[in-house]
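Biologist: Could you take me through the aromatic rings in this one? I'd like a close look at how they pair up and where they sit.

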Amino acid sequence: MNTIIRKSVLSVAGLAFAGGVFAGPIAAHANPVDAKPAAVAVQTAKPQGEQSRIPLNDEQIANVKAIIAATKKAGLSERAAVISIATSFQESKLENLGHLGDRNDHDSLGLFQQRPSSGWGTPEQITDPEYSTTAFLKGLKQVDGWQDMPLTKAAQTVQVSAYPDAYAQWEQQAADLVAQHWNS
């Protein structure tokens with residue numbers, strides 16, 4: 001009988017230990033209900049590198065709201081909106097750019113500097129904020145593990161930029177904007 005009790009106690013202790021090992025990291029990262037502000041929830045980690053910040057005009061704020069609305073309509077998370085807004089910051093400073101003449105990067109247009117010649121859509125579609133955001137998000141959804149990867153890697157996989165690390169500088173302002181406008 002002593003052996004049975006001893007084995008039972010050791011089995012329970014082993015299960016408790018194993019549960020602690022596997023549940024511990026999850027429980028350690030669980031947020032109490034009022035522990036962190038909403039801005040923290042839209043980021044997976046501390047933003048990479050030095051952060052840039054610019055003041056926004058009414059058009060840029062309207063484009064932020066359009067990106068957030070398209071992200072919600074696509075059924076994606078706040079993290080997807082942060083990646084989208086940071087990408088648009090880098091590509092156009094959140095301005096819906098038309099043809100820029102000699103300053104144009106090939107035939108790049110819109111919030112994300114998407115190119116009709118690369119199959120992103122017609123010039124009219126690409127300069128529609130909802131369409132261009134939806135096209136970007138469609139590309140993002142095809143990136144395995146985008147939710148957990150650094151913003152620069154997720155954005156670069158979709159955009160294929162000559163300056164892949166440049167997206168990182170906008171992550172904090174993008175996260176702040178998503179936290180401010182997601183529920184408005």
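Modeller: Let's start with Phe 136: its relative accessibility is 0%, which is under the 20% cut-off, so Phe 136 counts as buried. Bear in mind that this is a predicted model. Phe 112 is buried too, because its relative accessible area is 0%. Searching the whole structure turns up two aromatic pairs.

Take Phe 89 and Trp 170. Their ring centres are 4.8 Å apart and the planes meet at 10°, and since planes under 30 degrees apart count as stacked, this pair is stacked. Phe 89 belongs to helix α4, residues 78-92, while Trp 170 is in the loop between α7 (151-159) and α8 (171-181), so the pair ties together parts that lie 81 residues apart in sequence.

Now back to Phe 112 and Phe 136, which form a stacked aromatic pair, with 5.0 Å from centre to centre and 10° between the planes. Here too, distant parts of the chain get linked: Phe 112 comes from the loop between α4 and α5 (123-126), Phe 136 from helix α6 (residues 129-141), and the two are 24 residues apart.

There's one more ring to look at while you have the model open. Trp 182 has the charged end of Lys 72 sitting over its ring, 5.0 Å from the ring centre.

Note on methods:
Residues are numbered from 1 along each chain as its sequence is written. This is a predicted model: local features need pLDDT of at least 70, side-chain atom pairs count only at pLDDT 80 or more; totals for chains, interfaces and linings use all residues. Side-chain values use heavy atoms; hydrogens and water are left out. Rings of Phe, Tyr and Trp (its six-membered ring) pair if their centres lie within 6.5 Å; planes under 30 degrees apart count as stacked, over 60 as edge-to-face and the rest as tilted. Helices (H or I, at least four residues) and strands (E, at least two) are DSSP runs, numbered from the N terminus. Buried means under 20% relative accessible area, exposed over 50%, partly exposed in between (1.4 Å probe, protein chains only). A charge sits over a ring if NZ of Lys or CZ of Arg is within 6 Å of the ring centre and within 35 degrees of the ring normal.
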